[in-house]
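Student: I am new to this structure and would like a close look at its pockets, please, and at the residues that line them.

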Amino acid sequence: MYTTQHLLLRELKTSDCDALRTIWNDPLVQATGSTTYCAPLSEPRFAAAFRSSAETDTSVLVKAVMETLDTHETIGVIGLRMPSAKNRDAVVELFIGRKWWGKKYGTEAMTWLVDHAFLELGMHRVSLQVFGENERGVRLYEKLGFKVEGTKRMANWRHGHWEDIIDMAILDEEFEAIHGGAGLDP
């Protein structure tokens, strides 16, 4: 269990399933966090995917429920997967309920995650993908030191049109140069 200024980042519990499914079933949350077809997930289907990702996916390094410290509301999930241990390249997973967008929770959670990846887990790279229309997300990631590595042009169909998917990453030496190994300041 970890805390930031406004968040508790804790382990996934079976009791989180309903709150997280409600957040995920919001069409805008799903559309900003997935390249799959957006559709409500039934309780059994979400619970099965939830259990699978939390318990059996060996590439998961970190998967934490984000909860507000003041109201103890579940607001989303943040995580890191490492598909290839040899290269120490962790991939960010993040979704936050729409009710909490624009309130700096994403900044706070990502700041913690990047610090944790480099200072505690010894990652060489932290990578992510963001949709081109998510300008706030791109600005956040750039503020944290992520650099654009490439763009998959017109790679995601959303809201009746094609949008780009931007690949971004930050390397350990870039993190060190920017932050001096002391971590980020949310």
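Tutor: Residues are sorted here by class: Ala, Val, Leu, Ile, Met, Phe, Trp, Tyr, Cys and Pro count as nonpolar, Asp, Glu, Lys and Arg as charged, and the others, Gly among them, as polar. By that scheme, the lining of the second largest pocket has six nonpolar, five polar and one charged residues. This is a predicted model, in which local features need pLDDT of at least 70 and side-chain atom pairs count only at pLDDT 80 or more, while totals for chains, interfaces and linings use all residues. Residues are numbered from 1 along each chain as its sequence is written, and side-chain values use heavy atoms, with hydrogens and water left out.

A pocket is an open set of points, on a 1 Å grid over the protein atoms alone, where a 1.4 Å probe fits, with protein on both sides within 12 Å along at least five of seven lines, and its lining residues have an atom within 4 Å of a point.

The largest pocket holds about 1,800 Å³ of space. Among its 50 lining residues, W24, T32, G33, L94 and F95 lie nearest its centre, and α5, a helix (a DSSP run of H or I, at least four residues), gives the most, with seven residues. This lining divides into 25 nonpolar, 13 polar and twelve charged residues.

Definitions and conventions:
Points joined across faces, edges and corners; volume = space filled by probe spheres on them. Helix = DSSP H or I, 4+ residues; strand = E, 2+ residues; numbered from the N terminus.
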